[in-house]
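Load the model in your viewer and keep the selection tool at hand. The stops below go from the whole chain to single residues.

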Amino acid sequence: EPYYSEAERTWATPQNWTANGLNTLVVHARSSDIEGVSGLYVRLQDSSGNSAVVSLAGAPAAVADEWLEWPIPLSSFTTVNATKIKKMSVGVGNRTTPTAGGAGRVFIDDIWVIKQ
């Protein structure tokens with residue numbers, strides 16, 4: 001247990017991810033030797049405790065063997081106030097209904113917030 005893997009960053013001061021017109025979170029990911037793993041996701045939480053998860057369809061197979069640039073509009077995190085980001089998590093697996101049996105490596109690099 002817990003049958004999913006997740007990395008998390010918490011900011012002491014909430015971050016405004018919409019400053020200067022920023023509107024898109026970009027995550028770069030790549031996987032290696034993935035077997036039985038599903039669901040690459042990003043979870044954002046604001047300073048009020050509201051959180052939302054966005055998943056990449058077909059991942060981590062979608063990021064196998066080469067780097068993928070995954071742009072996520074901040075508007076996809078519908079219940080989160082993007083002017084008050086407190087915590088971000090990037091993970092693989094299913095947090096809601098985790099299942100055993102996955103193995104492999106997922107690499108996350110270059111996480112940006114951009115204007116697109």
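What share of the 116 residues of the protein counts as buried? The figure is 32%. This is a predicted model, and the tour should be read with that in mind.

**Whole chain**

Begin with a cartoon of the entire protein. It shows seven strands and zero helices, so the cartoon can be followed from the N terminus as β-β-β-β-β-β-β, a strand being a DSSP run of E of at least two residues. Switch to the C-alpha trace and orient the view along the principal axes: the trace spans about 40 × 30 × 20 Å.

**The four-stranded sheet**

Next select S1, S6, S3 and S4. In that order they make an open sheet of four strands, with antiparallel pairing. Colour S1 (5-15) and S4 (51-56) separately: these strands stand at the edges, and because each has a single partner strand, one side of each is left without a neighbour in the sheet. On average, neighbouring strands here are turned by 15° against each other, direction ignored.

To find one of them, pick Gln15 and look across to S6, where its bridge partner is Ile85.

Phi of Asn20 is near 55°, a positive value in a residue other than glycine. Most residues other than glycine have a negative phi. Is Asn20 buried or exposed? Asn20 is exposed, as its relative accessible area is 77% and the cut-off for exposed is over 50%.

Keep S2 (residues 24-35) and S5 in view. Six bridges link S2 and S5 in the antiparallel sense. Select Val27, then look at S5: the residue opposite Val27 is Trp70.

Then go to S7 and select Asp110, which lies in this strand. Its phi is near 50°, again a positive value in a residue other than glycine. Asp110 is partly exposed, with a relative accessible area of 40%.

**The largest pocket**

About 290 Å³ of space lies in the largest pocket. Which residues lie nearest its centre? Select Tyr3, Val37, Val92, Gly93 and Gly102; these are the ones nearest the centre among the 20 residues that line the largest pocket. Colour the lining by class to see nine nonpolar residues, ten polar residues and one charged residue. Finally, bring S7 back into view: it supplies four residues, the largest share of the lining of the largest pocket.

How values were computed: Residues numbered from 1 in each chain as written. Predicted model: local features only at pLDDT ≥ 70, side-chain atom pairs only at ≥ 80, totals over all residues. Heavy atoms only, no water. Pairing = 2+ DSSP bridges. 1 Å grid on protein atoms, 1.4 Å probe; cavity = no way out; pocket = protein on both sides within 12 Å on 5 of 7 lines; lining within 4 Å. Points joined across faces, edges and corners; volume = space filled by probe spheres on them. Nonpolar A, V, L, I, M, F, W, Y, C, P; charged D, E, K, R; others polar. Buried < 20%, exposed > 50% of the residue type's maximum accessible area, 1.4 Å probe, protein only. Axes fitted to C-alpha atoms, helices over the stretch in contact; angles between N-to-C directions.
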